[in-house]
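Hi there,

Below it you will find my notes on what turned up.

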Amino acid sequence: MTIGIIGAGNMGGAIIGGIVSGGIAQPSDIIVSDLNKEKINELKNEYGIKPGTSNADAAAADILFLCVKPNVVYQVIEGIKDKVRDNTIVISIVAGQPIEKLETAFENDKLKLVRVMPNTPALVGEGMAAVVPNANADEIDTAKVLEIFNSFGRAERVTESLMDAVTAVSGSSPAYVFMFIEAMADAAVQGGMPRAQAYTFAAQSVLGSARMVLETGKHPGELKDMVCSPAGTTIDAVAVLEEEGMRSAVMKAMKACINKSKSM
């Protein structure tokens with residue numbers, strides 16, 4: 001199986017790393033195309049991938065990833081649409097671009113297209129990806145895509161109507177979490193803890209808390225209650241967060257994210 005990747009940015013690199021580490025394809029069967037030749041050479045040296053001389057080289061693969069920005073994706077498609085075979089699975093991680101619009105650009109009513117929204121924690125093997133196949137991509141095709149994205153995190157199939165919500169809850173949310181970690185670390189520094197140590201304590205606490213949600217299956221509220229002892233320190237902190245509108249701020253921020261995603 002050959003895999004073509006157009007766009008060698010952070011997500012393209014994460015996808016390559018997951019494919020190689022998961023044994024999904026041999027590095028020599030991964031063809032990567034990008035205008036940034038320096039980045040291509042870095043990926044070649046790190047993983048042993050095959051540099052493409054043009055986007056057309058990547059487009060001839062069995063599975064093709066479109067990992068480019070929304071403002072150039074249709075220019076890219078125009079240059080490769082005649083090179084993509086009917087049995088090729090095209091995976092788009094391009095933000096805000098619906099399946100119907102991408103299908104129209106390819107001008108191929110047999111095109112197997114899967115829209116995916118990944119996120120940057122894929123860079124450390126902890127990504128979350130939403131997967132939406134079009135009508136031509138069958139269960140086997142979809143299973144292949146899920147396997148790839150599960151190799152560097154988690155992936156679930158959703159309906160396309162949820163993709164704007166996905167953008168807010170996983171695609172953009174690492175930024176909110178980083179802000180939360182930074183704020184906790186700042187407070188720890190204010191309390192006398194060295195900066196580097198503060199980041200470690202804050203980040204590990206977020207990581208551990210997230211794993212508790214995923215692995216225990218308990219409601220986040222129940223897990224919160226487990227930490228809040230009567231008349232203890234935690235409930236005082238929680239009371240301040242409630243007074244300052246933490247929940248409301250997060251929900252408003254995500255609503256703004258959803259609205260922006262819809263308008264793209």
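Predicted model: local features only at pLDDT ≥ 70, side-chain atom pairs only at ≥ 80, totals over all residues.

Strands in these notes are DSSP runs of E with at least two residues, and helices are runs of H or I with at least four, both numbered from the N terminus.

**Overall picture**

The protein has 264 residues, and 38% of them count as buried. Its secondary structure comprises 12 helices and eight strands. Along the principal axes, the C-alpha atoms fill a box of roughly 70 × 40 × 30 Å. If we take contacts between residues at least 6 apart in sequence, 62% of them join residues at least 24 apart.

**The sheet**

In what order do the eight strands of the open sheet come? The order is E3-E2-E1-E4-E5-E6-E7-E8, and the pairing is mixed. Strand E3 (50–51) and strand E8 (153–157) stand at the edges with a single partner strand each, so one side of each has no neighbour in the sheet.

- E2 and E3 are parallel and share two bridges, with Val32 standing opposite Pro51 in E3.
- Strand E1 (residues 3–6) runs parallel to E2, joined by four bridges; Ile6 has Ser33 in E2 as its bridge partner.
- E1 also runs parallel to E4, again through four bridges, and Gly4 stands opposite Leu64 in E4.
- E4 and E5 pair in the parallel sense over four bridges, where Phe65 has Ile91 in E5 as its bridge partner.

Two of these strands are covered on both faces. In a regular strand, side chains alternate between the two faces of the sheet. For strand E2 (residues 30–33), Ile30 and Val32 lie on one side, Ile31 and Ser33 lie on the other, and all are buried. Strand E4 (residues 63–66) is likewise covered on both faces: Ile63 and Phe65 are buried on one side, and Leu64 and Leu66 are buried on the other.

Is Ser92 buried or exposed? Ser92 has a relative accessible area of 0%, and buried means under 20%, so Ser92 is buried. The side chain of Ser92 reaches the backbone nitrogen of Val94 at 3.3 Å. Leaving out neighbours within four places in sequence, Ser92 is in contact with Leu66, Leu102, Leu113, Val114, Arg115 and Val116.

Asn134 sits in the loop between E7 and helix H6 (139–150). Asn134 has a relative accessible area of 6%, so by the under 20% cut-off Asn134 is buried too. Which backbone atom does the side chain of Asn134 reach? The side chain of Asn134 comes to 2.9 Å from the backbone oxygen of Leu111. Not counting residues up to four places away in sequence, Asn134 touches Ile99, Glu103, Leu111, Lys112 and Leu113.

**Empty space**

Rolling a probe the size of a water molecule over the atoms shows where empty space is left.

A search of the whole structure finds one cavity of 30 Å³ or more, and the space in the largest cavity comes to about 40 Å³. The lining of the largest cavity is made up of Pro118, Asn119, Ala122, Gly127, Met128, Ala129, Phe149, Phe152 and Arg154. By class, these divide into six nonpolar, two polar and one charged. Strand E7 (residues 127–133) gives the most to this lining, with three residues.

The second largest pocket has a volume of about 890 Å³. How many residues line the second largest pocket? There are 36, of which Cys67, Val68, Lys69, Pro70 and Ile93 lie nearest its centre. Helix H1 (10–21), helix H4 (73–80), helix H7 (163–171) and helix H12 (246–263) each supply at least two residues of that lining. The lining of the second largest pocket holds 16 nonpolar, 16 polar and four charged residues.

Best wishes

Technical notes: Residues numbered from 1 in each chain as written. Heavy atoms only, no water. 1 Å grid on protein atoms, 1.4 Å probe; cavity = no way out; pocket = protein on both sides within 12 Å on 5 of 7 lines; lining within 4 Å. Points joined across faces, edges and corners; volume = space filled by probe spheres on them. Nonpolar A, V, L, I, M, F, W, Y, C, P; charged D, E, K, R; others polar. Buried < 20%, exposed > 50% of the residue type's maximum accessible area, 1.4 Å probe, protein only. Polar contact = N/O pair within 3.5 Å; in protein donor to acceptor, adjacent residues only side chain to side chain. Contact = heavy atoms within 4.5 Å. Pairing = 2+ DSSP bridges.
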